[in-house]
Amino acid sequence: MRPMRAAGLDAPPCHNAPVQSPGDKQCMLTGGTGRGNSSSMEGVYSSERMPGVFSYESSELDWCEDNYKHSEHVVEFFNTTSSFVFFIISPIMLYLLHPYAKERNLAIHLVWIMMLFVGLFSAYFHMTLSFVGQMLDELSILWVLAAGYATWFPRRLFPSFIKNSCTDQKVLRLAKLSVALWILAISCWISDRFGCGFWQRLNFCYLHGVWHILIAIAVAYATTLVAYLDASYEIPYSLPGLQYWPCDKWALGLPHIVLKGTRKTLKRC
């Protein structure tokens with residue numbers, strides 16, 4: 001496993017090195033230690049700290065994939081390109097969930113709109129391995145979780161809510177597939193992060209990219225499952241059902257809910 005980079009640790013000497021970045025300038029001024037010898041240098045460091053967080057490889061994280069293997073402008077090529085799966089799945093799910101969102105609440109679209117930002121910031125992070133890219137990548141994931149929580153938090157306690165909704169075998173199968181995809185995706189993330197040495201010996205350092213693909217599909221399955229449970233409880237008159245895109249006969253693809261009932265009943269207080 002590659003060690004995480006830490007600022008000021010094992011910094012290479014920079015004597016007689018050309019000035020190429022704010023970090024190089026700081027290294028030259030401090031003799032490779034990263035520390036100033038006088039208070040007059042503090043202004044220089046503070047002015048260079050902000051550009052530094054945008055620079056390539058300013059993040060302490062470094063994934064298993066070899067850096068700059070396919071392009072001198074992209075640090076982790078496969079991890080970057082695999083992030084674009086979010087740009088494929090998100091618009092499809094926005095389209096498939098629109099009838100349900102229109103009947104339930106258009107704010108449901110925020111989940112998959114935020115997933116577009118996850119793909120954007122993930123690609124930026126793996127392209128640069130910059131500190132700002134890392135923060136944007138992690139924050140966008142939190143945005144998705146917050147949007148999903150605010151949209152689908154059940155009105156009842158979870159145990160009774162789930163027990164009264166999971167009787168359809170098609171729904172149970174979707175739930176099992178969702179859990180399996182999440183476990184497989186998280187296993188890829190953990191294996192890439194903590195088993196890098198093993199995968200490097202096998203010359204297969206792309207598990208974090210596989211994580212991108214699996215987690216995008218897993219979110220599609222999970223959000224459809226939650227949407228079905230939500231519709232069954234909140235708008236039961238809509239008679240929700242499950243289908244798969246592009247062909248429902250395959251029972252394989254991107255799941256989405258269909259509303260078989262169209263008549264909306266009014267609640268009386």
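Predicted model: local features only at pLDDT ≥ 70, side-chain atom pairs only at ≥ 80, totals over all residues.
View 1. About 40 Å³ of space lies in the largest cavity. Its lining is made by Glu65, Asp66, Lys69, Asn203, Phe204, Cys205 and Tyr206. By class, that lining divides into 3 nonpolar, 1 polar and 3 charged residues. Rolling a probe the size of a water molecule over the atoms shows where empty space is left.

**View 2. Tyr68 and its backbone angle.** Tyr68 sits in the loop between helix 2 (42-54) and helix 3 (77-82). Phi of Tyr68 is near 55°. That is a positive value in a residue other than glycine.

**View 3. Helix 6 against helix 7.** Helix 6 covers residues 109-128, and helix 7 covers residues 131-152. They pack at an angle of about 165°, and their axes are 8 Å apart. Angles over 145 degrees count as roughly antiparallel, so helix 6 is roughly antiparallel to helix 7. The crossing of helix 6 past helix 7 is left-handed. From helix 6, the contact takes in Leu110, Val111, Met114, Met115, Phe117, Val118, Phe121, Ser122, Tyr124 and Phe125. From helix 7, the partners are Val132, Gly133, Gln134, Leu136, Asp137, Ser140, Ile141, Trp143, Val144, Ala147, Gly148 and Trp152. The residues of this contact divide into 16 nonpolar, 5 polar and 1 charged.

**View 4. Helix 6 against helix 11.** Here helix 6 packs with helix 11 at an angle of about 175°. The axes of helix 6 and helix 11 are 12 Å apart. That angle makes helix 6 roughly antiparallel to helix 11. Helix 6 contributes Val111, Trp112, Met115, Ser122 and His126 to the contact. Helix 11 contributes His208, His212, Ala216, Val219, Ala220 and Thr223. By class, the contact has 6 nonpolar, 5 polar and no charged residues. Val111, Met115 and Ser122 of helix 6 take part here, and Val111, Met115 and Ser122 also meet helix 7.

**View 5. Helix 9 against helix 11.** Helix 9 spans residues 169-194, and helix 11 spans residues 207-234. Their packing angle is about 155°, with the axes 8 Å apart. Helix 9 and helix 11 are therefore roughly antiparallel to each other. Helix 9 passes helix 11 in a left-handed crossing. The contact of helix 9 with helix 11 has 23 nonpolar, 4 polar and 1 charged residues.

**View 6. The cis peptide bond at Pro246.** Trp245 and Pro246 are joined by a cis peptide bond. Omega is about 15° at this bond. Pro246 lies in the loop between strand 1 (240-245) and strand 2 (254-259). Trp245 is the end residue of strand 1 as numbered here (240-245).

Technical notes
Residues numbered from 1 in each chain as written. Heavy atoms only, no water. Axes fitted to C-alpha atoms, helices over the stretch in contact; angles between N-to-C directions. Helix = DSSP H or I, 4+ residues; strand = E, 2+ residues; numbered from the N terminus. Parallel < 35°, antiparallel > 145°, perpendicular 65-115°, else oblique. Left-handed = near helix turned anticlockwise from the far one by under 90°. Contact = heavy atoms within 4.5 Å. Nonpolar A, V, L, I, M, F, W, Y, C, P; charged D, E, K, R; others polar. 1 Å grid on protein atoms, 1.4 Å probe; cavity = no way out; pocket = protein on both sides within 12 Å on 5 of 7 lines; lining within 4 Å. Points joined across faces, edges and corners; volume = space filled by probe spheres on them.
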